Amino acid sequence: MANTIGELRAEYPDLTAQIESEAKAAAVAAAATAQEAAEIGAADAAMIAERERLKAIDDMSALFDSATVNDAKYGDNPCTAQEMAYRAAQKAMKQGAQFMAAASADTAASGAPSVAAAPGPEDTAGGGQENVEAAGKNAAAMYMKTMKGDHKDE
């Protein structure tokens, strides 16, 4: 009877080779199973993280237009809810600056800055006050006609 692996190999070489082969196969299978389990665990973790990212975006979606939300979820550069809010703020800042520049240009082009808010001293000198009062009375009369439905294009 063999007491060591060497003796076992000497007495039963075929059996020893079969046992070693089966042991190696079992070790490889166990390693593959552990690796698969790790991969499945990583896949589950990635899936959970993706669901959490999408939920966070959905929780904030009422604050942003659908294009911003869709781009954050599925666009070329998907991002987290925090990144989406930052990108939207940057976009709004650019749009606000463009709006203010356009409004300033429109105001300057309209000549509105040269219009006085109230009659000044130059308007009341030499009968100017009467003209302002007459214009006010005329505007009030036109308003009253409009409210009664008596207005005509004049």
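**Close-up views of salt bridges and helix packing**

**View 1. Asp-58 and its partner Lys-73.** Asp-58 is partly exposed, with a relative accessible area of 36%; buried means under 20% relative accessible area, exposed over 50%, and partly exposed in between (1.4 Å probe, protein chains only). This is a predicted model, in which local features need pLDDT of at least 70 and side-chain atom pairs count only at pLDDT 80 or more, while totals for chains, interfaces and linings use all residues. Residues are numbered from 1 along each chain as its sequence is written, and side-chain values use heavy atoms, with hydrogens and water left out. Asp-58 forms a salt bridge with Lys-73, and their closest N and O atoms are 2.5 Å apart. Lys-73 belongs to helix H3 (residues 66-74) and Asp-58 to helix H2, so the pair ties together parts that are 15 residues apart in sequence. Helices (H or I, at least four residues) and strands (E, at least two) are DSSP runs, numbered from the N terminus. Lys-73 has a relative accessible area of 16% and is therefore buried.

View 2. A salt bridge is a side-chain nitrogen of Lys or Arg within 4 Å of a carboxyl oxygen of Asp or Glu. Side chains of opposite charge can pair when their charged atoms come close. The structure holds four such bridges. In one of them, Arg-53 joins Glu-50, with the closest N and O atoms 2.8 Å apart. Arg-53 counts as buried because its relative accessibility is 15%, and Glu-50 counts as partly exposed because its value is 35%. In another bridge, Lys-55 pairs with Asp-59 at 3.2 Å between the closest N and O atoms. Lys-55 and Asp-59 are both exposed.

**View 3. The packing of H2 against H4.** H2 and helix H4 (residues 81-110) pack at an angle of about 40°, and their axes are 8 Å apart. This makes H2 oblique to H4. Axes are lines fitted to C-alpha atoms, for helices over the stretch in contact, and angles run from 0 to 180 degrees between N-to-C directions. Angles under 35 degrees count as roughly parallel, over 145 as roughly antiparallel, 65 to 115 as roughly perpendicular, and the rest as oblique. From H2, Ala-56, Ile-57 and Met-60 meet Ala-81, Met-84 and Ala-85 of H4. The residues of this contact are six nonpolar, no polar and no charged. Ala, Val, Leu, Ile, Met, Phe, Trp, Tyr, Cys and Pro count as nonpolar, Asp, Glu, Lys and Arg as charged, and the others, Gly among them, as polar.

**View 4. Met-84 and the largest nonpolar core.** A nonpolar core is a set of buried Ala, Val, Leu, Ile, Met, Phe, Trp, Tyr and Cys residues joined through side-chain atoms within 4.5 Å. The largest one has six residues: Ile-57, Val-69, Ala-72, Cys-79, Ala-81 and Met-84. H3 and H4 are the elements that give two or more residues to this core. Met-84 is buried, at 1% relative accessibility. Beyond its neighbours within four places in sequence, Met-84 is in contact (heavy atoms within 4.5 Å) with residues including Phe-64, Thr-68 and Val-69. Met-84 and Ala-72 are 12 residues apart in sequence, and their C-alpha atoms are 5.9 Å apart.
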